[in-house]
Amino acid sequence: MTLIPHKYTDVELFDLLKKYDDSAITSSDLQEIADHFDVKTSSLRRRMKRKGFEYNAKKKTYALTKTQLKTAKKQLETQYEKPHVHATKQKENLVPTSDDTFIKFGAFPDLKKIIQSRLFYPIFITGMSGNGKTFGVEQACSQTKRELIRVNITVETDEDDLIGGFRLVNGETVWHNGPVIEALERGAILLLDEVDLASNKILCLQSILEGKGVFLKKIGKFVKPNEGFNIVATANTKGKGSDDGRFIGTNVLNEAFLERFPITIEQDYPTVGVESKILTKVAESLNIPMVGEHKNFITHLCNWAEIVRKTFNDGGVDEIISTRRLTHIMRAYSIFGDKMKSVQMCLNRFDDETKESFIQLYTKLDDTVNVSESTQ
Ligand SMILES: Nc1ncnc2c1ncn2[C@@H]1O[C@H](COP(=O)(O)OP(=O)(O)O)[C@@H](O)[C@H]1O
Ligand SMILES: [Mg+2]
C-alpha cells in the first residue's frame, strides 16, 4: 500500500476554518472547504473528526469543544513560535558593517541623530537615483550600532512579503515572520527601500507607521513595536509619481501613507568637493595611487558629472551621471588602466545619442584623451 500524503495540512485547515464560525460549521461550509482543498467531503469529515470536531445531528453542524479549540489554537501558536525561536537563538547581528569609503554629506548628521535617538520618528528620504540614500542609512546605522532590516520594495511587494505568512518547512506549514515583524520585535531600523515602487498593498503598514504595531490576523497575535523601532523610507520621487517619465514604475503613494512620515529629507547629489573625496576613497580601496594623472582623472570626472547634472536640470539632456556610476567608472579604471575605455564602458547603458554627447563633453574637459580615442 502506498501512503498518499494529505493534500492540505492541519495549519491550512485551521487557517481556512477561521473564516467560518467555528462553533457551527454547516454542511454548505463543509462543501466549500472540501472544494477549496479539492477533496471529498467524506474525507474532510473524517479529518475534522480526528481533530476533535463533533457532529451535532440536530443542528447538522460540526463544532469543536472548548478544550479542543484551545488545543488547536495552542498548536498553531507553537507553529508560529518555531521559526521565531530559531531566529533569536542564532542572535545574528544585524548592525551593518562600516564602509571606509563612506563620506558624510548633506542631511547625514540629522539622519544619524534621529537614528541614534531611538525615538519612533519615521523619515522619508527622496532624491535622484544613485546619490547615496541607501548607503547613508546603512552607514548611519553602522555608526550608531543600530540594527537595520532592509526591504526592497517592488510593485509586487505585499502583506505576505512584509508581515509574513505560512511557509512550507519539511512538509509542514509553519508561520514565518516577515521582515517588518522581525524589525518590530528586535526594535531595529526598518528600511523600506524605493518605496515609491510600491502598489497600494503597502497600506498594510499603516498601523505600524503610526507606531502601534500590528495584529497578525492569520495567527491571532498582536506584535508591539519594541523600544528603538523606527522606519526610514527612500524614494526617487516624493511619492507623487514622476511627471517627466524618468522614474518608470514609480507610483503615487497613498496620501495617508505619506502623511505618517513626520519629516522628509531631500537628498541632492554630493558637491564636486564631496564627490572627489568619495572617488578618492574608492580609488584608494582599489589601490590606485592618488598621484598625477589618477588624481586628475577624479577631478575631471567630478566636474563632468556636475556639468551633466546642471544640463539635466535645465532640460538639456535626458540622462544623468550618478555617484554610483562614477564609482563604476573608477572600478573599470582600476581594471583596465584606461580612462576613455572606462568612461565609455560605463556609458554603454545609455542610448547612442546620450552616450556620444557625454563622451564629447568628457573629452572637452580632459585634454589627455581625445575623441578619436573614444571611437576606437
Ligand atoms: N556618501 C557616500 N560616500 C561614499 N560613497 C557613496 C556615497 N554616496 C553614494 N556613494 C556611492 O554611490 C553608490 C550608490 O549609492 P546608493 O546609496 O545605493 O544610492 P541610492 O540609494 O541613492 O540610489 C554607493 O554604493 C557608493 O558607492
Ligand atoms: Mg537605494
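Mentor: What follows describes the sheet, its strand pairing and the helices in contact with it.

This is a predicted model, in which local features need pLDDT of at least 70 and side-chain atom pairs count only at pLDDT 80 or more, while totals for chains, interfaces and linings use all residues. Residues are numbered from 1 along each chain as its sequence is written, and chains are lettered from A and ligands numbered from 1 in the order in which they are written.

The protein chain has 16 helices and 11 strands (DSSP runs numbered from the N terminus: helices are H or I of at least four residues, strands E of at least two). Five of the strands make up an open sheet with parallel pairing, ordered β4-β7-β10-β3-β11; two strands pair if DSSP finds at least two bridges between them. From one strand to the next the twist averages 20 degrees (axes are lines fitted to C-alpha atoms, for helices over the stretch in contact, with angles from 0 to 180 degrees between N-to-C directions).

Within the sheet, β7 (residues 189–193) and β10 (residues 230–235) run parallel and are joined by 4 bridges. L190 stands opposite I231 in β10.

Helix α6 (residues 133–144) packs on the sheet and touches β3 (123–127), β4, β7, β10 and β11; a contact requires C-beta atoms, placed from the backbone, to lie within 7 Å. The direction of α6 makes about 160 degrees with that of β10. Helix α8 (residues 179–186) lies across β4 and β7, and runs at about 160 degrees to β4.

Definitions and conventions. Two residues are in contact if their C-beta atoms, placed from the backbone, lie within 7 Å.
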